[in-house]
Amino acid sequence: MVRNPERRTTLVDAAIEVLAKDGARGLTFRAVDAAAGVPKGTASNYFASRDDLLAQVTGQIHQRIAPDPDEVAEVMAAPPSRELVAELMRWINRRVTENRTGYLAMLELRLEATRRPELRAELTRAIRETLDEDIRFHLEGGLPGDRTAVMLIYLAMTGLMLEQLTLPGVVPVEETDGLISTLVDRTVGPEAG
């Protein structure tokens with residue numbers, strides 16, 4: 001296998017674009033080569049198989065959609081409150097819109113994982129680690145709400161993201177901020193007085 005890290009990253013990023021645009025069925029080495037603007041056969045020199053490419057995409061996509069630590073620190077400068085939790089969820093929702101391709105590719109990976117046990121295991125591990133980190137971040141940050149509240153918010157936000165990415169007309173965009181505030185109010189409870 002060829003060892004040019006920049007070229008490998010370019011190919012994986014191109015694979016994410018192909019996955020988001022054409023789905024798992026459209027993810028071929030030839031399609032990745034075309035999306036990356038490299039000669040035919042390049043992707044097959046970097047990845048032993050389609051499963052290897054999917055594994056690389058799984059790792060890269062999390063880096064691509066992860067928030068910038070400086071942005072997180074800026075948001076977390078506010079005192080812990082129910083409103084801060086709501087603002088964090090609105091921020092996550094905006095990030096989905098801003099990185100639509102990355103999140104669509106993640107949905108495609110989830111679907112593909114239902115048919116590929118190795119991918120399912122890797123994706124489950126990665127998503128579970130992210131969720132555990134989110135729960136830890138919430139609790140250690142002193143934000144209101146317990147572990148169950150964080151899980152409920154995660155599940156509701158995942159559903160909202162799915163609707164916005166696949167059928168954006170189901171939940172009107174002008175209603176999302178209010179829905180997120182209500183979600184947080186009902187899961188976390190009222191502000192302590």
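Trainee: Let us begin with Asp22: how does Asp22 count at 40% relative accessibility?

Mentor: Buried means under 20% relative accessible area, exposed over 50%, and partly exposed in between, with a 1.4 Å probe and protein chains only. Asp22 has 40% relative accessibility and therefore counts as partly exposed. Asp22 is found in helix H1. Its C-alpha lies 9.4 Å from that of Ala105, although 83 residues separate Asp22 and Ala105 in sequence.

Trainee: What should I know about the origin of the model and its values?

Mentor: This is a predicted model, in which local features need pLDDT of at least 70, side-chain atom pairs count only at pLDDT 80 or more, and totals for chains, interfaces and linings use all residues. Residues are numbered from 1 along each chain as its sequence is written, and side-chain values use heavy atoms, with hydrogens and water left out.

Trainee: How many helices and strands does the secondary structure of the chain come to?

Mentor: Helices (H or I, at least four residues) and strands (E, at least two) are DSSP runs, numbered from the N terminus. The chain has ten helices and zero strands. Its C-alpha atoms fill a box of roughly 65 × 35 × 30 Å along the principal axes. Of the 193 residues in the chain, 40% are buried.

Trainee: How is the packing of two helices described?

Mentor: One gives the angle between the two helix axes and the distance between those axes. Axes are lines fitted to C-alpha atoms, for helices over the stretch in contact, and angles run from 0 to 180 degrees between N-to-C directions. Here, helix H1 (residues 5-22) packs against helix H4 (residues 50-65) at about 90°, with the axes 9 Å apart. H1 and H4 are therefore roughly perpendicular; angles under 35 degrees count as roughly parallel, over 145 as roughly antiparallel, 65 to 115 as roughly perpendicular and the rest as oblique.

Trainee: Which residues make the contact between H1 and H4?

Mentor: Contact means heavy atoms within 4.5 Å. Among the residues involved are Val12, Ile16 and Leu19 of H1, and Leu53, Val57 and Ile61 of H4. The residues of this contact divide into seven nonpolar, three polar and four charged. Ala, Val, Leu, Ile, Met, Phe, Trp, Tyr, Cys and Pro count as nonpolar, Asp, Glu, Lys and Arg as charged, and the others, Gly among them, as polar.

Trainee: Is Met106 buried or exposed?

Mentor: Met106 is buried, because its relative accessibility is 6%. Met106 lies in helix H7 (residues 100-113). Leaving aside residues up to four places away in sequence, Met106 touches Ile61, His62, Ile65, Leu123 and Ile127.

Trainee: Where does Asn99 lie?

Mentor: Asn99 lies in the loop between helix H6 (82-98) and H7. With a relative accessible area of 17%, Asn99 is buried. Asn99 touches Arg64 and Ile65, not counting residues up to four places away in sequence.

Trainee: What does Leu160 touch, not counting residues up to four places away in sequence?

Mentor: Leu160 touches Asn93, Val171, Thr176 and Ile180 by that count. Leu160 is placed in helix H9 (residues 147-166), and at 11% relative accessibility Leu160 counts as buried.

Trainee: Which residue lies over the face of Trp91?

Mentor: A charge sits over a ring if NZ of Lys or CZ of Arg is within 6 Å of the ring centre and within 35 degrees of the ring normal. Arg95 lies over the face of Trp91, at 5.6 Å from the ring centre.
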